[in-house]
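Thanks for coming. I will keep this short, so please look at the structure first.

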Amino acid sequence: MTGRALSGTKRESRLLRAFVQLADTLVDDYDVVDVLHQLVEHCVQLLDATAAGLMLSDQRGGLRVVAYSSAQTRMLELFQLQASEGPCLDCVHSGEPVLVADLSTEVQRWPRFAPLAMEEGFASVHAMPMRLRRETIGTLNLFRRDTGLLSEEDLLVVRALADTATIGILQERAIRRGEIVTEQLQTALNSRVVIEQAKGVLAFAGNLEMEKAFQALREYSRNRGRRLADVARELVVGELRPDDLLSSSPRPTEA
Amino acid sequence: MAAVRDSESQLDTLARVIRACVDVLPVDGASISVMSGPRERETLYASDEIAAKIEDVQFNLGEGPCFEAFSTRRPVLVPDLPQASALEWPVFAAAIAALPIGAIFAFPLQAGAIGIGAVDLYRRRPGWLSGDELAVALEVVDLVTAVLLGLLLGEDGDGLQDVLSPGREQVHQATGMLIAALEISAEEALARLRGYAFVTDRSLDEVAKDVVSRKLSPLELGR
């Protein structure tokens, strides 16, 4: 058993909270990008993972990075897309989990990705497909500093989190309609662009780091029960003044 | 909007792209509309009379799938229009009841917060697109977006398709910083970034990175 971060009970209650939070988000009008960010954060907090990232299909034959727990994860995900190799791509193409206990044994399989990930200090990777029947709409990826695989129990948690997020994206009540997948995925990809623009607006107006700007944006949206993408758009088109947002949520709280 | 209308060669390109799209996909017609608001819109191209009629009816009534795609900024895909429209858009449904329209696929043309218009595809018989067909439709939407955004920015659309990719995170962040620093629109901010990159002979990504890391003040791009 490699150093599990949390004791049994504490972990259980956090796990419960994570599912309740994810489920809550899905009840009303929610924001896909926000849900996915929560998901990767939960993965890092709950599981024995150093970092997590999530890619979604762009439905044009490619994948896009939509959520990540750190800039470093984002870079690793983007690198796989550029190099056209890596565990996350294999996971999406096969629709099966790709579990790598020790990256140093996989240099032949991924001659570019494996050395880079190791250089960044990662030793093992778990890529879990986000699947709806035969279609794989994305992949949830965990990166760890230690070698070895997650326990069976933790893998179940990853799968349950990935499934919950998949259902969230597709809206359970309309899950049979193929077109819903497209509407949601395409909207999420465009939201990602607006959110980055909004981060820039806040970063300049409040002299903030991008991550802090994102926290402020999320905090404000959540406190008001608004969709992240809507608030972001209002900032970008000038309907909401950055100062008004920043003065109302002075300090982002810890989840 | 005037810039868009007046650029004949680009409009020809768009018409060719849309016609090719109709040829390749199992759809019977298509149209492109540009809009600057719910009441201000213009059909740039319609492949046939039914496609033109679909547009006109919706914008006169203020309801329908294409209208909704633009106003909600998300694709509105209706593989079985007769079934769906009576419930969701009753007035629109009544107005087009006599026309042979089985399905409508409406895609917003947008670049982040910049709303440009919509591409609408229709087919006579109901039915959904396959994964490959959908990929073609989305590529067409990307291409049309890049050409129209280029016209809005007052330049050709070269390289813009890529600029719009969600992967160009720093470009979008730098755009936001310019919006806040110079109090300009997202279109204008993107145009300034591209212009600055051009005159300083650097890549857009390099310029964006410098803005985000605060090596280059966005005020420098205000002139």
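Residues are numbered from 1 along each chain as its sequence is written, while chains are lettered from A and ligands numbered from 1 in the order in which they are written.

On confidence: pLDDT is the predictor's confidence in each residue, from 0 to 100. The average for chain A is 84, and 88% of its residues score at least 70. Helices (H or I, at least four residues) and strands (E, at least two) are DSSP runs, numbered from the N terminus. Where in chain A is confidence lowest? In helix α1 of chain A, residues 8–27, with a mean of 76; the highest is strand β3 of chain A, residues 98–100, at 95. Where pLDDT is low, the predicted coordinates should not be read in detail.

Next, domains, whose bounds come from an automatic or database domain assignment. Chain A has domain 1 at 8–175 and domain 2 at 187–248. Taken over C-alpha atoms, the centres of these two domains of chain A are 25 Å apart. Their contact takes 10 residues from domain 1 of chain A and 9 residues from domain 2 of chain A, where two residues are in contact if their C-beta atoms, placed from the backbone, lie within 7 Å. On the side of domain 1 of chain A that touches domain 2 of chain A, α2(A) gives the most, with 3 residues. That side has 5 nonpolar, no polar and 5 charged residues. For the classes, Ala, Val, Leu, Ile, Met, Phe, Trp, Tyr, Cys and Pro count as nonpolar, Asp, Glu, Lys and Arg as charged, and the others, Gly among them, as polar.

Chain B is divided into domain 1 (2–156) and domain 2 (166–221). Here the centres, again over C-alpha atoms, are separated by 31 Å. The contact takes 6 residues from domain 1 of chain B and 5 residues from domain 2 of chain B.

Now the two chains together. Chain B puts 28 residues into the contact and chain A puts in 31 residues. Which element gives the most on the side of chain B that touches chain A? That is α9(B), with 10 residues. By class, this side of chain B has 17 nonpolar, 7 polar and 4 charged residues.

Helix α9(B), residues 169–182, also packs against α11(B), residues 204–212, at about 55°, with the axes 8 Å apart. Axes are lines fitted to C-alpha atoms, for helices over the stretch in contact, and angles run from 0 to 180 degrees between N-to-C directions. That makes α9(B) oblique to α11(B); angles under 35 degrees count as roughly parallel, over 145 as roughly antiparallel, 65 to 115 as roughly perpendicular and the rest as oblique. Residues in this contact include Ala174(B) and Met177(B) of α9(B) and Ala208(B) of α11(B).

With α10(B), residues 186–199, the axis of α9(B) comes within 9 Å and crosses at roughly 115°. So α9(B) is roughly perpendicular to α10(B). Ala174(B) of α9(B) is among the residues of this contact, and Leu190(B) is one of those from α10(B). The contact of α9(B) with α10(B) has 7 nonpolar, 1 polar and 1 charged.

Terms used
Predicted model: local features only at pLDDT ≥ 70, side-chain atom pairs only at ≥ 80, totals over all residues.
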